[in-house]
Amino acid sequence: DVLSKIQKRREKCLCDADSTANTTSFTEDGSHKGSVGIEFDSTFTTEGSKMQSCIRSALARYPPTGRIESIHLEYIEGISLKERIVRLNQKRISTANVDGNMKHNLLERVIIAHAVAKSVAEVHESGFVHNDVTLSNFIVTDEHISATKNEQPKGKAQDDLYEDIWNTMVEKDKDGEATDTASDDVKMKIINFGYAVEQSSMETVDTGGIVNDDIPALAEVIRLLFSDGTSFDEEEDTGFVFGESFAPDEQHTQLSNLPSPILAILQDLPKFDPSENFKQFQSAREIELDFAELLEDPDHFLFFFDTSTGKHSFREEEVKDSDMLYFSSTKLCGRDAESAALLDTCKRLLNNLESPFDDETASGQYSGSISVQSLTEKVSGSGNVVLVSGKSGVGKSELVRRVLRPWIVDNCNGYFVEGKFDQLQSTRPYSAFRRAFGDLCEMILARGDGSVSKISNNILGAIGGSLGTVASEVVPNLMKIIGPQPADSTELTGYERQKRFHYVMRKLLRSISQPEHPVVIFLDDLQWADESSLHLMYSLVSKSSALIIGTYREDEVSPDSLFEKMLSKQEARDASQVHVPPLDINAIEKLVSYTLRMSRRLIRPLADAVLSKTDGNTSFVVQFLVSLCDEGLLLYDDKRQSWSWDLDHIRTREISDDIVDLFTAKIDRLDADARGLLTLAAGVGSTFRESTLRILYATSQADREGITVDKSTVRHMTPVTEVKNTIKELEKEGLIMTTGLGSISRYKFSHDQIRKAAYSLIPVADRPLMHLRIGRMFLMDAEYDSRVDKDVFLIVHQLNRSKELIREAEERISLAELNLMAGERSIQTSAFGPALTYLKAGLSMLKPNELFAGENYDISLRLYSSMAEVELVNGNVGNVEASVAIISKHAIQILDKVPSYVCLIKSYIAREKMKEAISTCLYVLAKLGLQFPKSAGMPTTIRY
């Protein structure tokens, strides 16, 4: 009768949930009032149902008299839990020295514990109390785990063996993703409901709850499951019904080397003693959820990762740094919806991308035209771009990396590359694209000769010859793939140069991104992108076979910025958008639980305090936990092998709303060398090479010791060992991390807020001098290797921020030359916005009496001539006349003036001043010796 009621209630739950699973059929027999007939369906299955029953099914048959003659119970193929525990313990003894089998043994116990708790929870949620929860009343119905070989195969590594075991327990879909947790593979049935009663008839306590002995009985079953007994007598198996609590003795002792999360569960399991105050587990479902959390990631919660060996250890006491907070580099908490949206969008867009060889097929031929208009007027709906938005620190970049990188690389055999725009280097053209395309070339080279040869042929077929040289201005590593190409001798200006550059970059990308290995470019922090990069991004997404993912900080985009205008245009044309909000309480509970390796049940009060202090900002949450640990408010108890915290002090702790303050306090605690190096690195930007850090270390050392450095000594005064040790310390503290590919070691700040915090430690008045010293060191180091042209942007970025301190004529003129070099290189790649900045900076370093004087003649002429070209392309046609007037006044030869006059003529045409354009043309031709009549009548014939 109990089973009938349980199954009937379960059927109602399934019907209410509109379940499509096949269920046991229950029918009312109208000829027998007051009795319930149960018809057992042998085809019964719960496959696909989330409400899989753990309760034994029953079948009642009715004779003609209406009396129940017999009850037929479901036949269960399996063994009792008591026998299963005996087998597990015997197996544990026989394989005590084999870590792989020990891991398997422990994992199976956790899976069984979860199934046992789930069975009892289902009984309770059906409205009954079992009242006979014993080892013999649980039947384990799936023996495939026990059938796994007990001994390690010869020649197979322990980690590989464990991987095989785990793969057999987790069913995977066609994409290789786990579809169910391992706990579903052990099917548990609870039987013998002879003592079961309805909860409504149970005795209640003062609080209104019922007296339910199933909970402490379940606790004793789980304790036995994690004991080492190899036999159980009848009293031990059935004593629970009579309220006798199991106490470990010589025969049954708790297993040794249990991980702390399991110890925490065992410690909080209730007992039969009515004087015990059950503060922890109030229900079987709570016990089930604790074990379910362990099964979500057993490698993390059960088998601890040893940072010193790079492997998982079964014994927690053997793991170094077990008392450190653990922040996963792969797991995302609370981002399931955003991850699914991003991945689904990218899958759809890649499937719909146009063929890589349509439209622009002929190398060296340009399609379309470029007119004088702003970027915002050219942006249209772009099918292969995804914009990810959110506030600073919510985890946009990590979402993109962790979701798309493994999918693109592993599932699509493609290339995932990224570049980041830097707030401090916003004048450097195409900074993010340089990084992304550079890494793309390194990835291609790493694939081997076969792939390199094929892609090399594709690239040469698309942009071979001088066009390859054009691309190498932004992608120097390209020459490693296609080899040296002829110099570019084509003389183009303004629009033609920009048009050709965009065409070349599109062709380059299309020649690499193929259906069998697509390219995904991740551009981080688009709100800081320079205008030229936004132009290029538009060009690539409008005609490309690659996918571009961009992130931006919605709280740092000004309404009148170019990016905001472009964003508005794209939104109007339904560009794909993914928004990343702050973490909610469930996500923070998961994050804190994972970080501390503790149950969510135990850390909920701490998670509530963390949310109230951080508002769910991911970076803030992480750094807040680190600060609590640093200040002793969050401590690891070696004896209990668990974390504890001072909740009252945490709740009352004063904390700034700005995460930068937390990072600042952390940096202040570093030693002098590490703090000095980090603050100098903050003045360089978000990313930097190891060689850059060495120069910065030398700069810091020279400042402290008052040493004068020149280019012959800068290399010899940098102790490599000390620099590497300092880098390791900064990495350990989580302040910087390695990035990029190839033979050059590169690093970046773990977050921009860390760079901002480090930079804030430098007094505002001292910053220009700091940049001057860094710039001088960079210049001396580049001169030592004759690579000033390669590092020119890095050098001028520093020196321009301190140009007011440069007073010596020689150094001023040198900086003017460097800015000219940076401006001309920007023009070559159609980065006219940054070019204008560099050219103006160069001119500002020359005094009026130095312009066009002596050795400064060539520098002055090139600066003003380039200025005229850039002003024209940027649409500042009125400023072209000012530059031409200066050149016309100071230039010696007419040929020196011609390029600027050409720009002037084009500016007149752009403003529809045709009379002035013709007049200027005739003037220049006359200066060149070509006389045209001012007017021509019908009889006049002109021969030239």
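Helix α36 (residues 914-927) has 14 residues, and at 1.5 Å a residue it should span 20 Å, which agrees with the 20 Å between its end C-alpha atoms. The expected span here is 1.5 Å times one less than the number of residues. Helices (H or I, at least four residues) and strands (E, at least two) are DSSP runs, numbered from the N terminus.

This is a predicted model, where local features need pLDDT of at least 70 and side-chain atom pairs count only at pLDDT 80 or more, while totals for chains, interfaces and linings use all residues. Residues are numbered from 1 along each chain as its sequence is written, and side-chain values use heavy atoms, with hydrogens and water left out.

Back to α36: its buried residues are A917, T920 and V924. They cover an arc of only 65° around the axis, which puts them on the same side of α36; the arc is that of the directions from the helix axis to the C-beta atoms. An α-helix has 3.6 residues a turn, so residues three or four places apart point the same way. K915 and I918 are exposed on the other side of α36. (Buried means under 20% relative accessible area, exposed over 50%, and partly exposed in between, using a 1.4 Å probe and protein chains only.)

Now for the rings. Searching the whole structure turns up 12 aromatic pairs. Rings of Phe, Tyr and Trp (its six-membered ring) pair if their centres lie within 6.5 Å; planes under 30 degrees apart are stacked, over 60 edge-to-face, and the rest tilted. F793 and Y838 make a tilted pair, with 5.7 Å centre to centre and 50° between the planes. F793 belongs to helix α30 (residues 792-799) and Y838 to helix α32 (residues 832-844), so the pair ties together parts that are 45 residues apart in sequence.

| Residue | Relative accessible area | State |
|---|---|---|
| Y636 | 16% | buried |
| W643 | 4% | buried |
| F793 | 3% | buried |
| Y838 | 3% | buried |

There's also an aromatic cluster made of F852, Y857 and Y864.

R447 lies over the face of Y415, 4.1 Å from the ring centre, and the charged end of R601 sits over the ring of F281, 4.0 Å from its centre. The cut-offs: NZ of Lys or CZ of Arg within 6 Å of the ring centre and within 35 degrees of the ring normal.

On to the sheets, where two strands pair if DSSP finds at least two bridges between them. β13 and β14 (residues 519-524) pair over 6 bridges in the parallel sense, and E418 has F522 in β14 as its bridge partner.

Another open sheet has 3 strands in the order β19-β21-β20, and its pairing is antiparallel. β19 (687-689) and β20 (736-739) stand at the edges with a single partner strand each, so one side of each is left without a neighbour in the sheet. β20 pairs with β21 (residues 746-749) in the antiparallel sense over 4 bridges, and T739 stands opposite R746 in β21.
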